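Have the structure open and turn it as you read.

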Amino acid sequence: MKEMLKARVVSKRSVHSVINEKKFLSSIYHPFLVNMNYAFDDRENLYLVIDMMTGGDLRYHLAKNRRFSEEQTKFFIACMLLALENLHQKSILHRDIKPENLVFDSQGYLKVTDLGIARIWSPDNSKDTSGTPGYMAPEVMCKQPHGVAVDYFAMGVIAYECMFGRRPYTGKGRREIREEILAR
């Protein structure tokens, strides 16, 4: 169960993100997404009852193993592809695909989570530049209109990271990472 203190959600200016995630999760079910089964609240907290994910996130496993074989990486990519294909068929862009948002279930399947900054695709979305810098596509960083390719760009960065043990684009801050992505 994901428990969120209402006061903290408000103070972090995350109200829209929480409402957005609940809205998407209530309308979608897919075996490679972390699904919501129920939602409720009380005076102080919001609760999302979601699928139990006991295998940790991909970031944890990257830190522990450093890198993965080509076979393992292909398996991770296949899991992500199935989840993203489902979202994209519904015109939903995840926009924050990164190892922290990919979690393993008890059987070792990788599932996509955290739809907080996901959006319904719109042709005029150049102002929607949310995401994590090392995984953001050039068109997002440059504040240009973008589509489903931004999720696949992030997936490519993750595949590289799984195979080589490091991200292809690095820097000390958002600006350096942006410059490196645009230069390559």
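## Strands, a helix and a core

Strand β2 (residues 36-41) and β3 run antiparallel, joined by 5 bridges. Keep in mind that this is a predicted model. Between β2 and β3 lie 3 residues, and the two strands form a hairpin. Strand β3 (residues 45-50) also pairs with β1 (residues 2-5), again in the antiparallel sense. The table gives one residue pair for each pairing.

| Strand paired with β3 | Bridges | Residue pair |
|---|---|---|
| β1 | 4 bridges | K2 and L48 |
| β2 | 5 bridges | Y38 and V49 |

Now turn to α4 (70-89). Its 20 residues should span 28 Å at 1.5 Å a residue, and the end C-alpha atoms are 28 Å apart, so the two values agree. Just after α4, S91 has a positive phi of about 65°.

Which residues of α4 are buried? They are T73, F76, I77, C79, M80, A83, L84, N86, L87 and H88. The buried residues of this helix pack against α3, β4 (92-93), β5, β6 and α6.

The largest nonpolar core has 43 residues, and L58, F76, M80 and I158 touch the most other members. Among the elements that each supply at least two residues of this core are α2 (15-27), α3 (58-65), α4 and α6 (149-164). Beyond its neighbours within four places in sequence, M80 is in contact with I97, L102, L110, M155 and I158. In soluble globular proteins, nonpolar side chains tend to be buried together.

Note on methods:
Residues numbered from 1 in each chain as written. Predicted model: local features only at pLDDT ≥ 70, side-chain atom pairs only at ≥ 80, totals over all residues. Heavy atoms only, no water. Core = buried A, V, L, I, M, F, W, Y, C linked by side-chain atoms within 4.5 Å. Buried < 20%, exposed > 50% of the residue type's maximum accessible area, 1.4 Å probe, protein only. Contact = heavy atoms within 4.5 Å. Pairing = 2+ DSSP bridges. Expected span 1.5 Å × (residues − 1).
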